[in-house]
Amino acid sequence: MTGERQYVEFDPRQGYPAGPDLYYECGICGDVIPSMPDNAAACRCGNVLVDADAGRVSVRQGEKLRIFRSPTPPDRPSPSPSDPSGTPR
Ligand SMILES: [Zn+2]
């Protein structure tokens, strides 16, 4: 039983919960992105955007967002091995 998803309740007006074991699921394109990405993550259609640097989550259609807790990371879209913009550190 890996990757079991426990959906959590949240109130978009109070902000979006985040944690190392919390993931955002876009109800439009179905992409799953971590709530605490290394720097930034967005779903394919752009409905859900997480900017970890700014500590911000942007969601265009909050009713299309689902948040779940998972003990193990779900299928991640292959992370880009080398950032073309060469993120400076
Ligand atoms: Zn999407």
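The following legends describe close-up views of a predicted model.

View 1. The chain contains seven strands and zero helices. Read from the N terminus, its elements follow the order β-β-β-β-β-β-β. Of the 89 residues in the chain, 17% are buried. Among contacts with a separation of 6 or more, 43% join residues 24 or more positions apart.

**View 2. An open sheet is formed by four strands.** The strand order across this sheet is S1-S7-S2-S3, and the pairing is antiparallel. Strand S1 (6-7) and strand S3 (32-34) are the edge strands, each pairing on one side only.

**View 3. S1 pairs with S7.** Strand S7 covers residues 65-69 and is joined to S1 by two bridges in the antiparallel sense. In this pairing, Gln 6 is opposite Arg 69 of S7.

**View 4. The largest nonpolar core has twelve residues.** Its members are Tyr 23, Tyr 24, Cys 26, Val 32, Ile 33, Ala 41, Cys 43, Val 48, Val 50, Val 57, Leu 65 and Ile 67. At least two residues of this core come from each of strand S2 (22-26), S3, strand S5 (48-51) and S7. S2 makes the biggest contribution, three residues. In soluble globular proteins, nonpolar side chains tend to be buried together.

Conventions
Residues are numbered from 1 along each chain as its sequence is written. This is a predicted model: local features need pLDDT of at least 70, side-chain atom pairs count only at pLDDT 80 or more; totals for chains, interfaces and linings use all residues. Two strands pair if DSSP finds at least two bridges between them. A residue is buried if 20 or more other C-beta atoms lie within 10 Å of its own, exposed if 12 or fewer, and partly exposed in between; C-beta atoms are placed from the backbone. Two residues are in contact if their C-beta atoms, placed from the backbone, lie within 7 Å. A nonpolar core is a set of buried Ala, Val, Leu, Ile, Met, Phe, Trp, Tyr and Cys residues joined through C-beta atoms within 7 Å.
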